[in-house]
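The sequence and structure are shown first.

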Amino acid sequence: MDDLVGLAVIVILVVVAGAICGLIALVQLNGLKQEVAVLRAKITHLQTHKPISQSEPQSEASTAQVALSRSEPIAYKARSNLTPQSASPPVINQPSAPPKKAKPAKASAIELLFNKLRAGFEENWMTWIGAIALAFGGIFLAKYSLEAGLLSPVMRLSLGGLFGLSLIAAAAYLHHKRIVFEGFNNYIPAALASGGFITCFALTLLAYSSYDMLSPTVAFFALAIIAISASAMALRLGPLLAVLGIIGAYSVPLWVSTGSGNLFALLMYVGFVSLSAALVAHKVQRAWLWYLLWVGHIGWYLVGFTLLKANTVWLMGAFALLSIVGLIAIPRLGLKLNVIEHRPHSLKRLIKVLPDHALLLAFIAPLIFTMLISHFDMQWQAIGVLSIVLVLFLVLKNSRWDIWQGVALVISTLLVLGAERTHLSPNLYDDALFVFKNEYGLGLLLGLLLTAFGLYYGKKQIKRLAFHITGAFSAFVMIATLYTLIPNSALSTAYPLWAVALFVVAAILIKLAQHNTTLFQRFTYWVGANANITLAVTMLLSDSGLTIALAVQVLLISVLIKRYNVPMPHWPIKALVAALLLRLTLAPWTPSYDALTVFGLHWSIVVYPLCIALFFAAAKCFDSSKLKIWLEGAALHCLALFITTETSYQLVGHYPQFDSLNFYEQILLTCNWLALGCVYLHRAKLAGTLAKLYKVAGFALAGLAGLFAIKTLLDDNPLFESLYIGELPIFNWLLLLWLVPAGLTLWLAKLVKPINAKATPFILAVAGGFILLAINSFIRQYWQGPYIYLSKGASNAELYSYSVIWLVLGAGTVIFGHLKNQLLIQKIGLGILAAVIVKVFLIDMANLEGLLKALSFIGLGLSLVGLSWLFQKLRSRVNPV
């Protein structure tokens, strides 16, 4: 019973899908009818306004109108009944008063679609309800015969089968006699046939699952025959049966399973069903039938991987390759693969070739992924090589698939990686000929063959740029892959061979670049030659050599673009720069870089400054381009990495470990990140479309610097703990701890003001706090030495020095405020002076007695009087009477 319920659900879905497809067809037909009606109305309107006599046009127009009304087809009348406003006959006016064209109210797209669907349903609703009723009648008849026990099982199934076959025969008769019904002439035959096939399908399942009258094999083939017969009959009766046949055929393995797990039988059946469904879809000419075919075929292809065994790898590979030929190549190139296209296409057109790209990836990606996670053997190696050959063969047949050469290169790289993971052995490198074995021999061979392929066909078809790219970069990609796999101890053995191969390919490319016909070909060969030479030189260096080589490539490509004025898209350079920045960002925390040196120096001292220079030099090649901003941003990122990492390395001997930073690393990171945040915010003014990115990076760095500053103030404050800050006055750790952040915070306030003016006072207050801490700490360090924690106490001389210095600073602040006519600065200066006076009375003079106390008060009074006179004099100069 569960089978019958499930089948009923599928039947409903199939019929609804067919109904929707039919309604879409009706909508298209009604649209054509509407256009014909509008054209006829326009012809009538033109005929009624010919500039002849006043009576003659009326007679001619009326005659034409009568003729049109007599010859108007049923479709136009139906449309007039549905939309009277748009289909009303034209009004005849006198020539002396030409009519004003009234603009019809435009209905929305949803209203138009609803009206069209309603029109289709009103015309054919009885047909669709009848088809559904017939289908369910057959199902309920089988169910009733089962429950009531009226007849023997054989008789019940025979009568049900006879009913189904009768419906199919009736449909064939109506179609053969060409009995025309209103709407599509095959709607009623298709509805009858669908009811018959569904009945036969249900009865076969009933005989298998409920009566055990059929073995799994017999039931499987019977259901397959019914489904394929429906698809075959769809060639005559239309797409409704095609939907039924395709869904039914692909669902047969779900209904009937032999339990043997026979992958060969499953794939053979799916291939046969897909072949028949492809013929039906090609004949019926409905795109959505192809979608059903692709979903069913790819779905069972993916299911096949769950049944994969070591001895059936070749079967999955053959099925995938044959599927590519059958579902992609043959529909495009014809059965004999003789529809050839060699004309070049732009990159945008090559990327938008659908559904070919999606189908290719649907078959290749699962195959390669399974290869990577499985044990690599000769079967996988043969499948991978055959995949490359097939893809390149199809590229030669159709230039719209030129981008598939990149797929072939990716498959080649993954083949090498899969072989390396499986054949990894410590004894492999003892043999000096290992460069010709296993993954190393395979990678070198594939790289040279792809290079030869690209150069040969690039010479024959010069305007197809993909061939030139394949020829220029295949050897570089494959040898670079091998270079990343080989251990450093074995590189000395492989380097001579790889270097010779790279230099030979580079020489060929340079030679071809001198005898070329297109600018892109010349540019591609020059870049490819530079890439090969750079990789050969890189292998002589350490791991950081590859980073330098990539940075050099960015500069060389930029120089070539400027030299030859190549209108090259920017995204390849951006992708290369992004990959390089990711490598540079992760390198300091990669174990292999810990003790790496370049020319006897630690690698970051050489690599980061060199990359900064290369990026800035590359940016100068683009005068007013967004790529210039991108490259300058890359240089700034390298500068940020250099400052962040190298300062910590020189200080503590390793790169920052953010979960265990000491006092001095926190000071450096606070200064570094705050400075870089200000640089990014300043850069945002000139970054154009990247301004938002720079702002986010700037605020993020400033926020991190603020967190470190708070942590230092609360947990690692030299005023509260015994921390060494240096022997020299001013030029000690206090300079970086508070004075440099104060200056940077003032710059930050200036940069933030145009963005968020409300945050500026808060940032200025933070800067003032830094200045206060810095000056007081400098004074205390002068008297206390390298340790300034407050529990040590303070001498009278130290206390007096605070007063004197702040008195001078306060007076200077007030004077500066008057000179700049800034009231806020004046108030800050007066506040400093007020604080100094309070300190003098409460602290400095508290312990004085006798003459010293009197002289102190006299000195303070004279100082205040002198400052008052000075302020009045300055005010009179600024505001003369």
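## Basis and contacts

Two residues are in contact when heavy atoms lie within 4.5 Å. Setting aside neighbours within four places in sequence, Trp404 is in contact with Ile328, Asp356, His357, Leu360, Val391, Leu394 and Val395.

This is a predicted model, in which local features need pLDDT of at least 70 and side-chain atom pairs count only at pLDDT 80 or more, while totals for chains, interfaces and linings use all residues. Residues are numbered from 1 along each chain as its sequence is written, and side-chain values use heavy atoms, with hydrogens and water left out.

## Overall architecture

The protein has 31 helices and two strands; these are DSSP runs numbered from the N terminus, helices being H or I with at least four residues and strands E with at least two. Of its 881 residues, 45% are buried, where buried means under 20% relative accessible area, exposed over 50% and partly exposed in between (1.4 Å probe, protein chains only). Among contacts with a separation of 6 or more, 71% join residues 24 or more positions apart.

## Nonpolar cores

A nonpolar core is a set of buried Ala, Val, Leu, Ile, Met, Phe, Trp, Tyr and Cys residues joined through side-chain atoms within 4.5 Å. The largest has 125 residues, and those with the most contacts inside it include Ile324, Trp404, Trp498 and Phe615. Helix α12 (residues 313-333) gives the most to this core, with 11 residues. Another core, of 26 residues, lies apart from it and includes Leu674 and Tyr680.

## Helix α26

Helix α26 (residues 691-714) has 24 residues and should span 34 Å, the expected span being 1.5 Å times one less than the number of residues. Its end C-alpha atoms are 35 Å apart, which agrees. Among its buried residues are Tyr694, Leu701 and Phe708, and the cover over the buried residues of α26 includes α24, α25, α27 and α28.

## Salt bridges

The structure holds six salt bridges, each a side-chain nitrogen of Lys or Arg within 4 Å of a carboxyl oxygen of Asp or Glu. Asp356 pairs with Arg332, the closest N and O atoms being 2.8 Å apart. This pair links helix α14 (residues 356-373) to helix α12 across 24 residues. Asp356 is buried at 3% relative accessibility, whereas Arg332 is partly exposed at 31%.

Arg683 and Glu632 also form a salt bridge (1.8 Å, N to O), with Arg683 in helix α25 and Glu632 in helix α24, 51 residues apart. Arg683 counts as buried at 14% relative accessibility, and Glu632 counts as buried at 15%.
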